[in-house]
Amino acid sequence: MKISVFGLGYVGCVSAACLADMGHEVIGVDVNPKKLDMVRRGESPIIEPGLDELLKKVVDAGQLRVTEDAEAAVLDSDVSLICVGTPSRMNGSLDTHYMDRVMEQIGGALAKTDRFHVVTIRSTLLPGVMNEHIIPLLENTSGKKAGADFGLCINPEFLRESTAISDFRNPPFTVIGALDERSADIMEQVYADISAPVHKVDPNAASMVKYASNSFHALKVAFANEIGAICNDLGIDSQTVMHIFQQDRQLNISTAYLRPGFAFGGSCLPKDVRALLYTAKHRDVGTPLLSSILPSNDLHIQRAVDRIIAIGQRDVALIGLSFKSGTDDLRESPMVRLAETLIGKGYRLTIYDEEVSLSNLFGRNQEYIERVLPHIHELMNNDLETVASKNPVLIVGKQPKPPEKLKKLLKPEQIVLDLTGNGKWPPAQTIKIV
Ligand SMILES: NC(=O)c1ccc[n+]([C@@H]2O[C@H](COP(=O)([O-])OP(=O)(O)OC[C@H]3O[C@@H](n4cnc5c(N)ncnc54)[C@H](O)[C@@H]3O)[C@@H](O)[C@H]2O)c1
């Protein structure tokens, strides 16, 4: 395939060289004449292991050439891969002025050709920017319709500087957020030699995967450093702690706890986060990240409360009271907190939980619920049919088993606030908070 790569910086140089090495015919475009000269000579304008050799190889083989003529590049290629910078402005917002300039140039070139061309944004771009900004810019300058007369994709890059070539060739996945199916298929062909799963999603989801990934990486570094700082103050070897921590592939380094849903609770997580924070505070070790965990969790419960208030019905059923499926532990359950708040606000609440039998609760679990919800006996009803038929609004915090049991009882005029993150409740209207 013929591919133009716009922006020969860290991402563009590596992408251009690797794509050329995969057999594509690549044209590199940049506004910086010094960078163009270097790449033209087969030299890397950035420090990146292996890149000098790779550039020399593909330039000598005629697989990669460079130009400052954006229009000529577009007219002579099937795909434009945009790798220009998207830096931060002073206030943190995204500065798209490099992107805008490229889009104007590409739009102008598209106006002059009937060849189908795919504009693919490899740079990191916030969700929404494509619809609000990029499409109008391309359509105004080209006089053509995005997704019909030309293709448009968001295709984020996941490489890391210093291991960029290997990362390009072995990505965890390829995410193609195309406006149209034809462009998605063309981009899939571009990466045909890369053996990684391909996810074809909508453009905003593609953008968000990149932001979720980088935010998570940043979160991990900050987390490890805060745990390390507490360890250091306590005279504990942080490297040993985190080395062992990393060996847990079931919960710690795993997909566990990463599905959006409702707040956490139970007898361990809130208590243990609180105790660790107390220790850090007592020893004057600042832990802004760890300190934000419980407020973030509280805010998530408040999101559910706000949604219920917005619905505007006073008769509400809560399906699920314990802190997760498969247990009757009510201690610090976010559903109990939700119930407490709604009762305080005067809602007429009915609670259903097939896993909670009040007569079987003992010890701290019983003490907790009787202290927090003293009238729990009057609120609970373990007849799902009655609970579902008598309430216009149902809050589902746990899927009843089987979920079909509840679905069969629902009516179109009912509203289900789904807190499980993955429930759909036809024929009732489903509202989500995540
Ligand atoms: N650096 C990374 O490791 C990395 C990894 C993944 C994603 N990203 C994202 O990729 C994008 C590019 O990052 P980078 O670090 O490669 O940027 P960079 O600043 O190194 O390179 C950008 C290049 O674009 C060129 N450019 C600017 N305007 C141009 C125009 N009109 N036409 C042609 N070229 C133009 C610049 O001269 C420069 O060479 C950013 O959105 C970044 O967030 C970066």
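This is a predicted model: local features need pLDDT of at least 70, side-chain atom pairs count only at pLDDT 80 or more; totals for chains, interfaces and linings use all residues.

Visitor: What's the phi of S162 like, positive or negative?

Guide: Positive, at about 90°, although S162 is not a glycine. You'll find S162 in the loop between β6 (151–154) and α7 (164–169).

Visitor: Which residue with a positive phi follows α11?

Guide: That's D284, with phi near 60°. D284 sits in the loop between α11 and α12 (288–291).

Visitor: Is D284 buried or exposed?

Guide: Exposed, because D284 has 7 other C-beta atoms within 10 Å, and the cut-off for exposed is 12 or fewer.

Visitor: And how far does α11 reach from its first C-alpha to its last?

Guide: Helix α11 (residues 269–282) has 14 residues and reaches 20 Å, close to the 20 Å expected at 1.5 Å a residue.

Visitor: OK, prolines. What is the peptide bond from K401 to P402, cis or trans?

Guide: Cis, with omega near -15°. P402 belongs to the loop between β11 (393–396) and α18 (403–407). A cis peptide bond also joins P426 and P427, with omega about 5°, and P427 is in the loop between β12 (415–418) and β13 (429–432).

Visitor: Switching to the ligand: how many residues surround it, and which are the closest?

Guide: There are 24 of them, and the closest are G7, G9, Y10, V11 and S123. The elements giving two or more residues to that shell are α1 (10–21) and α5 (97–110).

Visitor: How do the shell residues divide by type?

Guide: Into 11 nonpolar, 8 polar and 5 charged.

Visitor: What about the largest nonpolar core, which residues have the most contacts inside it?

Guide: V14, A16, A17, I82 and I106, in a core of 61 residues. Its largest share, 9 residues, comes from α1. Leaving aside neighbours within four places in sequence, A16 is in contact with V5, L8, V26, G28 and L64. Another core, of 35 residues, lies apart from the largest one, and M335, L338, I351 and V387 are among its members.

Visitor: Zooming out, what domains is the protein divided into?

Guide: Domain 1 (2–201), domain 2 (204–256) and domain 3 (296–432). The centres of domain 1 and domain 3, taken over C-alpha atoms, are separated by 49 Å.

Visitor: Last one: where does E53 lie?

Guide: In helix α3 (residues 51–60). E53 counts as partly exposed because it has 13 C-beta neighbours inside 10 Å.

Terms used: Residues are numbered from 1 along each chain as its sequence is written. A residue is near a molecule or strand if its C-beta atom, placed from the backbone, lies within 6 Å of it. Helices (H or I, at least four residues) and strands (E, at least two) are DSSP runs, numbered from the N terminus. Ala, Val, Leu, Ile, Met, Phe, Trp, Tyr, Cys and Pro count as nonpolar, Asp, Glu, Lys and Arg as charged, and the others, Gly among them, as polar. Domain bounds come from an automatic or database domain assignment. A residue is buried if 20 or more other C-beta atoms lie within 10 Å of its own, exposed if 12 or fewer, and partly exposed in between; C-beta atoms are placed from the backbone. A nonpolar core is a set of buried Ala, Val, Leu, Ile, Met, Phe, Trp, Tyr and Cys residues joined through C-beta atoms within 7 Å. Two residues are in contact if their C-beta atoms, placed from the backbone, lie within 7 Å. The expected span of a helix is 1.5 Å times one less than its number of residues.
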